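Please look over the structure before reading the points below.

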Amino acid sequence: MERLRHDDPSHVGPYVILARLDSDSAGHAVPERRYLGRTADGQRTVLVGVPLAGADPSRWAIEAEGARRLSVPRFLRIAEVGGTAGFPWYATPYTPALPLPAVLAAYGGPLPEETVRRLGAALAEGLTAVHAQGVTHAGLSPAAVLVTAGGPLLACFGAVRAAAPDGTRRTGLPGLDPGCLAMEQASGGRPQPLGDVFALGAVLAYASTGHTVPEQGELPPGLRTLVGSCLSSDPAARPRSAQEVLGALVSLGAGPATAEDPYAQAGTVLDHGAVPLPGRVVAALADQSAAVLAAEVPSPQQPFTTAQKVH
């Protein structure tokens with residue numbers, strides 16, 4: 001939860017903007033501008049998203065509407081889509097949530113291997129569900145992962161599609177972390193599920209090391225082979241699907257596989273939906289919640305000032 005800047009909107013649709021969700025000091029890309037807002041009567045608090053400068057607002061609006069229509073686990077549920085052609089927005093009811101970079105900041109560095117594994121399994125579960133509907137996320141990055149007390153949620157749906165017209169090179173565009181873009185996607189190819197697998201590997205690398213392009217030796221030994229294969233520049237060398245990644249992560253949690261098919265019992269080995277969070281992360285979520293509850297909607301005569309910044 002961050003103080004508003006001079007170039008941030010004071011209102012988005014019916015919502016008064018209270019604070020920014022993402023920090024400028026995070027040192028990495030955020031594919032959209034995200035705010036905490038509240039209705040003027042103070043009755044509803046929401047998370048609001050608007051396009052990043054440089055994104056195609058029409059394409060972004062299409063992606064936001066597509067996200068609203070999705071009903072899959074682990075995806076941020078979009079409740080409203082509105083605005084104009086030049087300034088679209090979406091809103092979803094507020095629940096305490098930290099972008100993954102803020103989680104690492106609260107923890108004080110890379111997360112424990114077990115936490116990373118469980119986080120990755122939950123994300124892979126969401127990707128498996130959306131891929132089964134013939135849809136790609138096309139925007140997975142550390143900033144796109146919102147960690148809540150109930151587990152992680154995938155946000156920033158369709159960020160790659162909204163960032164540039166089809167057929168143009170996407171490397172280095174504002175809001176897109178190049179370390180999360182598979183080579184075939186960065187060069188202008190249509191987003192495909194194996195691109196999401198690459199991005200998932202980059203997110204796991206980030207959670208494990210603090211950056212999306214690690215050296216092989218930096219990765220935890222238990223995740224080194226899996227993450228390395230996800231990050232292969234050759235799509236054929238990656239795991240064949242998000243479901244395979246899910247199976248591998250769950251099998252790692254169960255210890256060495258004994259069956260010929262290491263993924264056969266993956267869904268029953270552990271509850272991959274549960275992601276126990278370190279105490280410092282739980283405290284940061286509680287601090288954010290308290291700050292949001294304490295925030296007051298500013299009067300028209302007085303600018304809003306947030307509570308102390310919460311990482």
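Helices (H or I, at least four residues) and strands (E, at least two) are DSSP runs, numbered from the N terminus. The model is predicted: local features need pLDDT of at least 70, side-chain atom pairs count only at pLDDT 80 or more, and totals for chains, interfaces and linings use all residues. Residues are numbered from 1 along each chain as its sequence is written, and side-chain values use heavy atoms, with hydrogens and water left out.

**Whole chain**
- The chain has 10 helices and 9 strands.
- Of its 311 residues, 52% count as buried (under 20% relative accessible area, with a 1.4 Å probe and protein chains only).
- Contact means heavy atoms within 4.5 Å; among contacts between residues at least 6 apart in sequence, 62% join residues at least 24 apart.

**Sheet and helix**
- Six strands form an open sheet in the order β1-β2-β3-β4-β6-β5, with antiparallel pairing (two strands pair if DSSP finds at least two bridges between them).
- β1 (11-12) and β5 (80-83) are the edge strands, each pairing on one side only.
- Strands β4 (residues 45-51) and β6 (residues 88-93) run antiparallel and are joined by 4 bridges.
- In this sheet, Val46 stands opposite Pro93 in β6.
- Helix α1 (residues 57-69) packs on the sheet and touches β3 (32-39), β4, β5 and β6.

**Leu181**
- Leu181 lies in the loop between α4 (159-163) and α5 (183-186).
- Leu181 counts as buried because its relative accessibility is 8%.
- Val160 is 21 residues from Leu181 in sequence, and their C-alpha atoms are 8.8 Å apart in space.

How values were computed:
Buried < 20%, exposed > 50% of the residue type's maximum accessible area, 1.4 Å probe, protein only. Axes fitted to C-alpha atoms, helices over the stretch in contact; angles between N-to-C directions.
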